[in-house]
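Here are a few notes from going through the side chains. Have the model open while you read.

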Amino acid sequence: AQNAMDSLKERCRFLGGQVVEQQKVIEELQPKASYYDKILQSKDLITTTVIAKDYGMSAQVFNDLLHFLGIQYKLKSGTWVLYQKYADCGYTKSKTYQYDEDKTTVHTYWTQSGRIFLYNYLKKYGYLPVCERQS
């Protein structure tokens with residue numbers, strides 16, 4: 001009986017230590033989870049240029065990368081659009097601009113959920129934002 005009690009006490013100490021370690025991880029990740037929640041709730045749109053700069057690229061190189069990875073393609077008009085697989089996911093929005101009296105152009109912008117989609121997708125292929133790369 002004493003051996004069983006000693007074993008249970010040791011197990012409790014071990015589990016108590018695990019709880020402390022898990023609490024530390026939770027405290028570390030909580031700000032990140034809150035940040036993601038705020039980002040996903042934001043209605044702001046982001047240009048490709050801004051996202052590209054996060055990765056240390058120009059918008060042109062970034063768009064070409066997204067095309068290479070099968071995320072988007074370029075229309076004859078020069079507008080980038082998502083392949084159908086991603087088109088209805090809410091990752092982008094378009095805005096039309098008039099640049100002459102009778103001419104318009106369409107620009108594609110990324111939503112916050114689109115930005116997170118890109119982050120997760122690119123990470124799978126080894127592309128990390130500059131701030132996450134190890135020096």
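Which residue's side chain meets that of Glu-10 in a salt bridge? Taking that one up first:

1. The partner is Arg-13, at 3.1 Å from N to O. A salt bridge here is a side-chain nitrogen of Lys or Arg within 4 Å of a carboxyl oxygen of Asp or Glu. Keep in mind that this is a predicted model, where local features need pLDDT of at least 70 and side-chain atom pairs count only at pLDDT 80 or more, while totals for chains, interfaces and linings use all residues. Residues are numbered from 1 along each chain as its sequence is written, and side-chain values use heavy atoms, with hydrogens and water left out.

2. Glu-10 and Arg-13 are 3 residues apart in helix 1 (residues 2–41), about one turn of the helix. Helices are DSSP runs (H or I, at least four residues), numbered from the N terminus. Glu-10 is partly exposed at 45% relative accessibility, and Arg-13 is exposed at 55%. The cut-offs are under 20% relative accessible area for buried, over 50% for exposed and partly exposed in between, with a 1.4 Å probe and protein chains only.

3. The count comes to 3 salt bridges. Helix 1 also holds Lys-24 and Glu-21, 3 residues apart, with their closest N and O atoms 3.7 Å apart. Arg-115 and Asp-54 meet at 2.7 Å, N to O; this pair links distant parts of the chain, helix 5 and helix 2, 61 residues apart.

4. Now the core. The largest nonpolar core has 19 residues, and Phe-62, Ile-71, Trp-110, Leu-118 and Leu-122 touch the most other members. Such a core is a set of buried Ala, Val, Leu, Ile, Met, Phe, Trp, Tyr and Cys residues joined through side-chain atoms within 4.5 Å. Helix 5 gives the most to this core, with 5 residues.

5. On to the rings: there are 7 aromatic pairs. Rings of Phe, Tyr and Trp (its six-membered ring) pair if their centres lie within 6.5 Å; planes under 30 degrees apart are stacked, over 60 edge-to-face and the rest tilted. Phe-117 and Tyr-121 have ring centres 5.5 Å apart and planes at 45 degrees, so they are tilted. Phe-117 is buried at 13% relative accessibility, as is Tyr-121 at 11%. Tyr-121 also forms a tilted pair with Tyr-125, at 5.5 Å centre to centre and 35 degrees between the planes. Tyr-125 is partly exposed, at 48%.

Conventions: Helices (H or I, at least four residues) and strands (E, at least two) are DSSP runs, numbered from the N terminus.
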